[in-house]
Amino acid sequence: MLQQRTLKTLTRAVGVGLHSGQRVELTLRPAPPDTGIVFRRVDLPEPVDIPVSAEAVTDTRMASTIGSGHAKVHTVEHLMSACAGLGLDNLYVDITAEEVPILDGSAASFVFLLQSAGIVLQNAPRRFIRILRPVEVRAGEGAQAKWARLDPYHGFKLSFEIDFDHPAVDATGQRVEFDLGSGRYSRDIARARTFGFTRDVEMMRAHGLALGGGLDNAIVMDDYKVLNSEGLRYDDEFVKHKILDAMGDLYLLGKPLLAAYSAFRSGHALNNQLLRALLAERSAWEPASFEDEREAPRGFAQPAPAW
Ligand SMILES: [Zn+2]
């Protein structure tokens, strides 16, 4: 049987929120089979649980926000991406503020935390959502057009294309494909950092955003070049970060997908619309699990390799 996974022991991190600039403590704890990933606001007078689901996503401007009643957690996508990359099914995420810490701006710090705590198998089958028919969402017209789609695939792979008219981005790959079964998430995707432009920063700060952002947790560009003195971590770090984000956004479904995801200029909003379109189209998917590990997609039975 291809089994569910959780952490072996708890682990903690302290950092600041990218947008709020607030100090926040994060505690990641093991959870029983079929719990899923549950964020818990432990700073509120009565702790509030927010189980991840497509419907729990309440805001997708700049980051993916989930909520339950008045309780919210912003910027969940990088931690969710690390969980997707390592195949973690069940986890409690205790958090002391309304935004996940940005740490180094990628998923690498979360991968390191989760792997340091250790990942254990649980006595329950991993429950997948298998795509049976294509599902697609589109937005915008002409130069503003963007789309995202899911197609049937025995495994999970992503193909993303960006279209940034900027010298520093033009010089790098604008398209990348990644197959989770390759076992290369930690090495090839997790280290890609979020990015932003100095011309947007003032406007964002005026709106109370990016208050915790800087050169130690984002790639920052002026109109011509990358300002970080150490340069890029991958030649195509920009589009790889979009793959990282998409993996996190799609993992908010609450179950891993068996699908091929492809997207052009997609973002948090369209990724969430894609999940909602999928759930609304009941004949486009079915639940799946693997009693015999040998029938699982290549690479899925192995725990994610270390660095
Ligand atoms: Zn991101």
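Predicted model: local features only at pLDDT ≥ 70, side-chain atom pairs only at ≥ 80, totals over all residues.
Visitor: What makes you say the chain agrees with a compact globule?

Guide: We set one number against another. For 307 residues, a compact globule would have a radius of gyration near 19 Å, and the chain has 18 Å, so the two agree. Its C-alpha atoms fill a box of roughly 55 × 45 × 40 Å along the principal axes.

Visitor: And what is the chain built from in terms of helices and strands?

Guide: There are seven helices and 19 strands. Among contacts between residues at least 6 apart in sequence, 75% join residues at least 24 apart.

Visitor: How much of the chain counts as buried?

Guide: That would be 52% of the 307 residues. The chain exposes about 13,500 Å², with carbon and sulfur atoms supplying 50% of that.

Visitor: Which residues touch the most other members of the largest nonpolar core?

Guide: They are F39, I66, Y185, L257, Y261 and L278, in a core of 83 residues. Helix α6, residues 237-251, gives the most to this core, with eight residues.

Visitor: What does L278 touch, leaving aside its neighbours within four places in sequence?

Guide: L278 is in contact with I129, I131, V135, L150, L253, L257, A284 and W285. To count, heavy atoms must come within 4.5 Å.

Visitor: Why is R282 called partly exposed?

Guide: Buried means under 20% relative accessible area and exposed means over 50%, with partly exposed in between. R282 has 46%, so it is partly exposed. You'll find R282 in the loop between α7 (268-280) and β19 (285-288). The C-alpha atoms of R282 and I66 are separated by 23 Å, and the two residues are 216 apart along the chain.

Visitor: Why does D34 get the label partly exposed?

Guide: Its relative accessible area is 47%, which falls between 20% and 50%, so D34 is partly exposed. D34 sits in the loop between β3 (23-30) and β4 (37-41). D34 also has a positive phi of about 65°, although it is not a glycine.

Visitor: What is phi for R265, and where is that residue?

Guide: Phi of R265 is near 55°, a positive value in a residue other than glycine. R265 is in the loop between β18 (257-264) and α7.

Visitor: Which residues of helix α2 are buried?

Guide: In α2, residues 108-117, the buried ones are A108, F110, V111, L113, L114 and A117. After α2 comes G118, whose phi is positive, near 95°.

Methods. Residues numbered from 1 in each chain as written. Heavy atoms only, no water. Helix = DSSP H or I, 4+ residues; strand = E, 2+ residues; numbered from the N terminus. Rg over C-alpha atoms; globule rule 2.2 N^0.38 Å. Buried < 20%, exposed > 50% of the residue type's maximum accessible area, 1.4 Å probe, protein only. Areas by Shrake-Rupley, 256 points an atom, 1.4 Å probe, with all protein chains shown as cover. Core = buried A, V, L, I, M, F, W, Y, C linked by side-chain atoms within 4.5 Å.
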